Amino acid sequence: MIGKHAFCPTSGASLSREVHYDDRGRPERVPQSDDLSPNATLEAPLTTGKRRSSRRALLTYFRRCHRRHGDESDELYRRAALALDRLKRSATGRQERDVIVWCALGDRLARDGFDVDWMAAHVEPRCPECSGRLTYAEGPDGPIARCGGSCCERRADPLATIRDIVRSLLAQTYPEDSTPETDALAIL
């Protein structure tokens, strides 16, 4: 992931607060080793995160985030690993982005009976076109998201597009299950 929730796209390790600048002046951070990624500092290069991370990195991030909200659960971690494996294998194009896979994972785990409300605190929806930050304005039926970079038309709701991409990934990955309605997604 990128932005506020960025982590190492290879190992899933947290990134340092300290920023280093490359020869072009781009900020990068060091992956930090911990019990979930003990060799991250040695293995991974400087990074600011990526829009698409490895399955291993997403699972490590999932476990780290879950620890902040509850006790460790081997059953939850097994189910998450299996679901992530299926989601990552079937995802194509924009479906491969961490935000999409994370939301689809949350929905799948909720269907399996797990509490996933905590997952919403660890994802920042980004514009599906340019990955820019979203801004929110009050609309007639509640808040409406807009691309902060103004990359797409003002009438388009990026959250609706993200929900559609999540639903398409779930339908593609789990064709035997009914696809959830847009408003029934566990996260978003």
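Helices and strands are taken here as DSSP runs numbered from the N terminus, and on that basis alanine 81 of this predicted model is found in helix H3, which spans residues 74-90. With a relative accessible area of 19%, alanine 81 is buried, because the cut-off for that class is under 20%. When neighbours within four places in sequence are left aside, the contacts of alanine 81 are with Arg55 and Leu59. Alanine 81 lies 64 residues from alanine 145 in sequence, and the C-alpha atoms of the two are 31 Å apart in space.

Two antiparallel strand pairs were examined. Strand E1, residues 15-21, is joined to strand E2, residues 27-31, by four bridges, and the two strands run antiparallel. Within this pair, leucine 15 has proline 31 of E2 as its bridge partner. The hairpin of E1 and E2 has five residues between the strands, and in this hairpin glycine 25 takes a positive phi near 85°. Strand E3, residues 134-139, pairs with strand E4, residues 142-147, in the antiparallel sense over six bridges. The hairpin that E3 and E4 form has two residues between the strands, and the bridge partner of glutamate 138 in E4 is proline 143.

The aromatic side chains were considered next. A pair of aromatic rings is described by the distance of the centres and the angle of the planes. The count comes to six aromatic pairs. In one of these, the ring centres of phenylalanine 62 and tryptophan 118 are 5.2 Å apart and the planes are at 55°, so the pair is tilted. This pair links distant parts of the chain, since phenylalanine 62 belongs to helix H2 and tryptophan 118 to the loop between helix H4 (98-111) and E3, 56 residues apart. Both phenylalanine 62 and tryptophan 118 are buried. Tryptophan 118 also pairs with tryptophan 102, the ring centres being 6.5 Å apart and the planes at 85°, so that this pair is edge-to-face. Because tryptophan 102 lies in helix H4 and tryptophan 118 in the loop between H4 and E3, the pair ties together parts that are 16 residues apart in sequence. Tryptophan 102 counts as buried at 1% relative accessibility, and tryptophan 118 is likewise buried, with a relative accessible area of 9%. One aromatic cluster is formed by Phe7, Tyr61, Phe62, Tyr77, Trp102 and Trp118.

Rolling a probe the size of a water molecule over the atoms shows where empty space is left. The largest pocket has a volume of about 300 Å³, and its lining consists of Lys4, His5, Ala6, Phe7, Ser14, Leu15, Ser16, Arg17, Arg29, Tyr61, Arg64 and Arg68. The elements that give two or more residues to this lining are E1 and helix H2 (55-67), with E1 giving the most, three residues. By class, the lining of the largest pocket divides into four nonpolar, three polar and five charged residues.

The structure holds three cavities of 30 Å³ or more. The largest cavity, with a volume of about 160 Å³, is lined by 16 residues, of which Arg97, Asp98, Val99, Arg126 and Ser131 lie nearest its centre. At least two residues of this lining are supplied by each of H4 and helix H5 (158-173), and the largest share, three residues, comes from H4. The lining of the largest cavity comprises eight nonpolar, one polar and seven charged residues.

About 50 Å³ of space lies in the second largest cavity, the lining of which is made up of Asp107, Arg108, Arg111, Leu170, Ala171, Tyr174, Asp177, Ser178, Thr179 and Pro180. H4 and H5 are the elements that give two or more residues to this lining, and H4 contributes the largest share, three residues. The lining of the second largest cavity divides into four nonpolar, two polar and four charged residues. Aspartate 107, one of the lining residues, has its place in helix H4 and counts as buried at 3% relative accessibility. Not counting residues up to four places away in sequence, aspartate 107 touches Leu170, Pro180, Ala184, Leu185 and Ala186; Leu170 and Pro180 also line the second largest cavity.

Definitions and conventions
Residues numbered from 1 in each chain as written. Predicted model: local features only at pLDDT ≥ 70, side-chain atom pairs only at ≥ 80, totals over all residues. Heavy atoms only, no water. Pairing = 2+ DSSP bridges. Buried < 20%, exposed > 50% of the residue type's maximum accessible area, 1.4 Å probe, protein only. Contact = heavy atoms within 4.5 Å. 1 Å grid on protein atoms, 1.4 Å probe; cavity = no way out; pocket = protein on both sides within 12 Å on 5 of 7 lines; lining within 4 Å. Points joined across faces, edges and corners; volume = space filled by probe spheres on them. Nonpolar A, V, L, I, M, F, W, Y, C, P; charged D, E, K, R; others polar. Phe/Tyr/Trp six-rings, centres within 6.5 Å; stacked < 30°, edge-to-face > 60°.
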